[in-house]
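Trainee: I would like to learn how to read a structure feature by feature. Could we go through one together, with the general idea coming before each case?

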Amino acid sequence: METQFFIYLAKVNGALLLFYLLYIAVFRHDTFIRLRRSYLLSAVLFSLLYPLFTVDSLGGLFSILQSRQPVEATIELGEPTALLLESDAAGFTVPWRFIVQSILLLGSLFFAFRLIMQVVSIVRIRRRCREEVISGYKILNASHEITPFSFFKWIIVNTDAHSEEELQQILIHESTHVRQWHSADVLLGELLSVFFWWNPAVWLLKREIVINLEYLADNDVLQHGVNSREYQYHLLKLTYHETAVPLSNHFNVSQLKQRITMMNKTQSPAVKLAKYLTVIPLVLLLITLNSCLSKEKQTDEKSNDQTEELQNSSSKNDIKADVSEGYVPPVTDSQEEIFSVVEEQPLYPGGNAAMMKFLSNNIKYPVAAQEKGTQGRVITNFVVEKDGSLSDIQVIRGVDPSLDAEALRVLKTMPKWKPGKQKGEEVRVRFTLPVVFRLQSPPPPPPPPPTPVKESGSNDVFVVVEKQPEFPGGNAAMMKFLSDNIKYPAEAQEKGIHGRIITNFVVEKDGSLNEVKVVRGVDPLLDAEAVRVIQSMPNWKPGTQKGETVRVRYTLPVVFRLQQ
């Protein structure tokens with residue numbers, strides 16, 4: 001919820017900034033003051049509301065630009081991962097989010113209090129005034145010297161301080177503010193500065209709203225036949241009087257030079273009204289960006305849930321149906337009655353090789369998907385029950401309904417697994433299985449029987465073998481080793497750096513680890529620590545293929561997470 005609120009703030013203030021820049025660049029110097037008022041109010045209201053709605057057709061605009069990958073002739077089930085480890089650092093971290101939230105809240109409270117005091121001041125002034133009617137205008141006559149001003153339906157002026165001619169000009173000016181509800185515009189600008197006080201564009205936009213209202217009132221005075229020079233001279237005399245309340249509409253405000261310049265300006269030609277059409281591209285741009293971001297957020301929601309689950313528990317459990325990549329079961333972490341980390345992982349009957357064979361034999365690529373060239377990675381998730389049956393089978397990130405359905409169908413036909421165990425007792429364990437559907441084009445000659453994939457070069461490095469290499473003592477021992485030996489870099493803790501590092505290495509025939517590298521890093525400090533710990537590991541039990549020890553490439557994701 002907090003993240004969504006900050007995203008909303010960013011969208012609103014970004015839009016306000018863009019509308020202000022467009023106003024300054026295109027509209028500020030014309031004389032279409034009524035249209036400018038409509039623009040300023042519409043810009044504020046649109047900025048506040050557009051993050052709340054999306055257009056689905058615009059949201060999918062960017063997706064059509066995605067290119068389709070060359071197709072292959074195999075069906076794959078994920079990519080190999082080994083073990084996911086969390087390393088918690090309990091050191092002190094600066095609560096930046098709390099600090100920022102506190103500053104924003106305190107600033108808003110200060111300006112809210114300031115606004116309330118301004119309203120209270122107006123009410124107090126009104127109580128000291130007596131109601132009168134002058135030249136058909138209902139006013140509140142102040143008994144003390146005060147700069148004339150209006151607030152909604154109240155016109156407050158000290159009649160004794162002005163000549164009859166000056167008073168007539170003041171009443172025309174202030175009645176325009178009252179009649180056109182200019183105080184609502186001023187109040188809207190004040191509320192913006194309360195909630196978005198930290199955005200300079202808000203204060204600049206509020207200033208433009210106020211000065212434009214004065215243009216409107218000045219124009220109405222001149223339309224009533226008041227001499228322009230006399231009126232400007234009258235404004236000049238009032239310049240040195242102190243403003244009563246900043247919140248109200250004042251007969252005398254600063255920016256007097258701008259008001260006089262506007263009164264003396266030549267009317268802008270009607271053809272220049274066309275420039276207001278430039279608002280349309282900006283509006284469409286903001287709606288499109290918001291729709292695309294919302295679409296992407298909805299699309300990735302399940303993927304983000306899966307990533308969080310993987311970071312809190314095990315690694316992804318990926319298998320290739322064509323025996324083209326390796327697979328190592330995950331180590332996970334308990335979550336209420338459904339475990340994610342257990343001492344003994346659930347296992348398909350016969351092991352990984354048997355599961356690969358089952359999936360390879362039973363997956364059927366939907367014909368409709370083949371004809372459309374549809375392919376992609378389907379992330380599935382299920383619970384291995386205490387009796388070994390699979391339940392709660394679901395797709396948490398899909399590709400196409402036909403591919404999603406096929407992945408679910410095959411999982412539902414699986415035989416019972418060997419259940420996972422925690423402290424010697426059988427428990428329910430959640431398991432994640434990505435399934436990748438990939439096509440080939442053009443089809444190659446009939447392929448030879450599947451053989452373990454090797455890396456190119458003189459030294460054969462296997463990726464999938466009959467028996468995977470293993471840390472001495474198994475996954476539980478490896479998890480303990482990593483937990484005991486990983487040291488969260490102090491500098492990374494202070495900067496709040498965390499994330500998931502994908503490492504890769506070769507388990508040699510003698511069990512030693514070679515070619516340790518980071519294939520996807522987060523930060524040099526964390527990357528280096530992950531490599532250091534892996535290089536310090538004891539020799540593994542090597543992998544075997546057809547009874548012979550072989551070199552095997554292994555992938556190990558490592559997650560660094562700071563404690564809240």
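Trainee: Which residues do ring pairs link into a cluster?

Mentor: Please keep in mind that this is a predicted model. Ring pairs join Phe19, Tyr23, Phe27, Phe32, Tyr39, Phe46, Tyr50 and Tyr276 into a cluster, and the structure as a whole holds 27 aromatic pairs. One of these pairs is formed by Phe110 and Phe111, whose ring centres are 5.0 Å apart and whose planes meet at 80 degrees, so the pair is edge-to-face, since planes over 60 degrees apart are given that name.

Trainee: Which ring does the charged end of Arg126 sit over?

Mentor: The charged end of Arg126 sits over the ring of Trp154, at 5.6 Å from the centre of that ring.

Trainee: How should I read the packing of two helices, and what are the angle and the axis distance for α4 and α6?

Mentor: Two packed helices are described by the angle between their axes and by the distance between those axes. Helix α4, which covers residues 96–127, packs with helix α6, residues 182–195, at an angle of about 150 degrees, and their axes are 7 Å apart. Angles over 145 degrees count as roughly antiparallel, and α4 and α6 are therefore roughly antiparallel to each other. On the α4 side the contact is made by Ser108, Phe111, Ala112, Arg114, Leu115 and Gln118, while α6 contributes Leu187, Glu190, Leu191, Ser193, Val194 and Phe195. The residues of this contact between α4 and α6 divide into 7 nonpolar, 3 polar and 2 charged. Phe111, with a relative accessibility of 16%, counts as buried.

Trainee: At what angle do α6 and α7 pack, and which residues make the contact?

Mentor: Helix α7 spans residues 200–223, and α6 packs with α7 at an angle of about 170 degrees, with the axes 9 Å apart. That makes α6 roughly antiparallel to α7. The contact is made by His182, Asp185, Val186, Gly189, Glu190, Leu192 and Ser193 of α6, together with Val202, Trp203, Lys206, Ile209, Val210, Leu213 and Leu216 of α7. The residues of the contact of α6 with α7 divide into 8 nonpolar, 3 polar and 3 charged.

Trainee: Turning to loops, is Ser268 buried or exposed, and is Glu343 buried or exposed?

Mentor: Ser268 lies in the loop between α9 (256–263) and α10 (279–312), and with a relative accessible area of 11% Ser268 is buried. If its neighbours within four places in sequence are left aside, Ser268 is in contact with Asp30, Thr31 and Phe32. Glu343 has its place in the loop between β9 (338–339) and α11 (352–362), and Glu343 is exposed, at a relative accessible area of 52%. Beyond its neighbours within four places in sequence, Glu343 is in contact with Lys421, Gln422, Lys423, Gly424 and Ala476. The C-alpha atoms of Glu343 and Lys421 are separated by 6.2 Å, although the two residues are 78 residues apart along the chain.

Trainee: What is the phi of Ser135, and what is the phi of Lys546?

Mentor: Most residues other than glycine have a negative phi. Ser135, in the loop between β3 (129–134) and β4 (137–142), has a positive phi near 55 degrees, and Ser135 counts as exposed at 52% relative accessibility. Lys546, in the loop between β17 (543–545) and β18 (548–562), is not a glycine either, yet has a positive phi of about 55 degrees; Lys546 is exposed, with a relative accessible area of 69%.

Definitions and conventions
Residues are numbered from 1 along each chain as its sequence is written. This is a predicted model: local features need pLDDT of at least 70, side-chain atom pairs count only at pLDDT 80 or more; totals for chains, interfaces and linings use all residues. Side-chain values use heavy atoms; hydrogens and water are left out. Axes are lines fitted to C-alpha atoms, for helices over the stretch in contact, and angles run from 0 to 180 degrees between N-to-C directions. Helices (H or I, at least four residues) and strands (E, at least two) are DSSP runs, numbered from the N terminus. Angles under 35 degrees count as roughly parallel, over 145 as roughly antiparallel, 65 to 115 as roughly perpendicular and the rest as oblique. Contact means heavy atoms within 4.5 Å. Ala, Val, Leu, Ile, Met, Phe, Trp, Tyr, Cys and Pro count as nonpolar, Asp, Glu, Lys and Arg as charged, and the others, Gly among them, as polar. Rings of Phe, Tyr and Trp (its six-membered ring) pair if their centres lie within 6.5 Å; planes under 30 degrees apart count as stacked, over 60 as edge-to-face and the rest as tilted. Buried means under 20% relative accessible area, exposed over 50%, partly exposed in between (1.4 Å probe, protein chains only). A charge sits over a ring if NZ of Lys or CZ of Arg is within 6 Å of the ring centre and within 35 degrees of the ring normal.
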